[in-house]
Amino acid sequence: MPASDAPLRIVHLTGSPVSERWAELSRLYARGALDALGAAEPSVEGRWEHVVVDVGPDGSWRFPSSLASEDLAAAAPVDRTDGIAGLAALDADVGVPQMFCPPGLTDHRSLLSLLGVPSIGNPAAVMAVTADKSLTRAVVAAAGVAVPAATLLRPGDAPPPLSGPVVVKPVDADNSTGVRLVDDSEGLRDAIDAALELSHAVLVEDFVPLGREVRCGTVLRRGELLARPLEEYAVDPVAKPIRGESDKLASDDDGLRLVAKDDEHAWIVSHDDPAVDAVQRLARTAHTALGCRHHGLVDVRIDPDGRPWFLESGPYCSFAPSSVVVMMARAAGIGLDELFTDAVDVAFDRSTVGGVAEGSRR
């Protein structure tokens, strides 16, 4: 960590080497984070110096002064080799991976580690596991967390016999892409074929009757693993028995936008709600089992009897005000400056429990 009178140089890795949609999603969140963290600086001892390194789907790297479209366009593109050299030359104190595509969740986090830059959030190994729904299920189930029964299928595998409704999921897609609820053999075959166009494997998971659907974030704060207030999502046993891609992201003439960020789609659950304790216990268990560091995040289905079932984990936080972990922390009285400062401290701490510690004190 730099001397107390020196700025903390924070590099935000944004964009995507995979597609423009992934890059747009990354920049959408990162833009919000940079604006919010800049506004929070007066309440932070010392100062944060934010720099951006952006990766494009064409393989180019840029070092823009901001993520404004005009600044991105003005930044000279360089190839991957020069981009990595430029990243190393920044001599950053800490990195914030803001990329959501598979290489962004894994390879670019590993790159920060290779360059000796401690990164905020979870290391590449954790993100690789949680990017695969079948691996994630196996890890948390081994820790005693309830998961719906499921069958893993690869191309050429026969569909399992149906004994009730099932949810078909590509194992490594995000934002509910390719997820379908089916209850007949013909629909099952169609859903599996469609999912296999998006992924190398598919989960056919028993449908957990609704219930409710919630998310729970966890953060490591001053050595204590804390579960945050739950966020509940608008679902309905008849009209919307599962959440789909259209419930999370949408595109219009202004570009990509987030859907589930208003009171009609999602809301914070009261701390005295009877579901809270069981879901928070599940979230803490999953955090530790998966090896998460500063923060974790789980999606949970609550059946009509009140039992929580683990669905999946997406343990990242962009530190934008619209990021779920930030919203949950705010509901618990923790401001963005505190949340981010805690994350920086954890990034520098090799002794962090519950995960693989990356980086070292600089």
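**Close-up 1. Lys169 and its salt-bridge partner Glu205 in the predicted model.** Lys169 counts as buried in this predicted model, because its relative accessibility is 6%. The residue with which Lys169 forms a salt bridge is Glu205, and the closest N and O atoms of the two are 2.9 Å apart. Since Glu205 belongs to strand S8 and Lys169 to strand S6 (residues 166–170), the pair ties together parts that are 36 residues apart in sequence. Glu205 counts as buried as well, because its relative accessibility is 2%, and buried here stands for a relative accessible area under 20%. As a general point, side chains of opposite charge can pair when their charged atoms come close.

**Close-up 2. The salt bridge between Arg212 and Asp273.** In this view the side chains of Arg212 and Asp273 meet in a salt bridge, with a distance of 3.0 Å from N to O. Arg212 is part of strand S9, whereas Asp273 sits in the loop between strand S14 (266–268) and helix H9 (276–290), so this pair ties together parts that are 61 residues apart in sequence. Arg212 counts as partly exposed because its relative accessibility is 23%, while Asp273, at 19% relative accessibility, counts as buried.

Close-up 3. Glu20 is partly exposed, with a relative accessible area of 47%, and Arg27 is buried, with a relative accessible area of 11%. For the structure as a whole, a search finds 12 salt bridges.

**Close-up 4. The largest nonpolar core.** The largest nonpolar core of the model is made up of 32 residues, and those with the most contacts inside it are Leu8, Ile10, Val94, Ile120, Phe319, Leu339 and Phe340. At least two residues of this core are supplied by each of strand S1 (8–15), helix H1 (20–40), strand S4 (94–97), helix H10 (324–331) and helix H11 (336–348). The element that gives the most to this core is H11, with 7 residues.

**Close-up 5. A negative patch on the surface.** Asp183, Asp184, Glu186 and Asp190 together form a negative surface patch. One of these residues, Glu186, has its place in helix H8 (residues 185–196). Glu186 counts as exposed because its relative accessibility is 61%, and the cut-off for exposed is over 50%.

Close-up 6. Most residues other than glycine have a negative phi, and most peptide bonds are trans. Asp91 is not a glycine, and yet its phi is positive, at about 50°; the place of Asp91 is in the loop between helix H3 (80–89) and S4. Arg222, likewise not a glycine, has a positive phi of about 55°, and Arg222 is found in the loop between S9 and strand S10 (224–227). At 72% relative accessibility, Arg222 counts as exposed. The peptide bond that runs from Leu210 to Gly211 is cis, with omega near 0°, and Gly211 is found in the loop between strand S8 (202–206) and strand S9 (212–221).

Close-up 7. Phe63 lies in the loop between strand S3 (61–62) and helix H2 (69–74), and it is partly exposed, with a relative accessible area of 31%. Although Phe63 and Val52 are 11 residues apart along the chain, a distance of 6.0 Å separates their C-alpha atoms. In the second pair, Asp299 belongs to strand S15 (residues 295–302), and Asp299 is buried, with a relative accessible area of 6%. The C-alpha atoms of Asp299 and Phe310, which are 11 residues apart along the chain, are separated by 6.4 Å.

Definitions and conventions: Residues are numbered from 1 along each chain as its sequence is written. This is a predicted model: local features need pLDDT of at least 70, side-chain atom pairs count only at pLDDT 80 or more; totals for chains, interfaces and linings use all residues. Side-chain values use heavy atoms; hydrogens and water are left out. Patches are made of residues with over 30% relative accessible area and no salt bridge: like charges are joined within 9 Å, nonpolar side chains (Val, Leu, Ile, Met, Phe, Trp, Tyr) within 5 Å. Accessible areas come from the Shrake-Rupley method with a 1.4 Å probe; for residues, only the protein chains shown count as cover. A salt bridge is a side-chain nitrogen of Lys or Arg within 4 Å of a carboxyl oxygen of Asp or Glu. Lys and Arg count as positive and Asp and Glu as negative; His and the chain ends are not counted. The place of a charge is taken as NZ of Lys, CZ of Arg, CG of Asp or CD of Glu. Helices (H or I, at least four residues) and strands (E, at least two) are DSSP runs, numbered from the N terminus. Buried means under 20% relative accessible area, exposed over 50%, partly exposed in between (1.4 Å probe, protein chains only). A nonpolar core is a set of buried Ala, Val, Leu, Ile, Met, Phe, Trp, Tyr and Cys residues joined through side-chain atoms within 4.5 Å.
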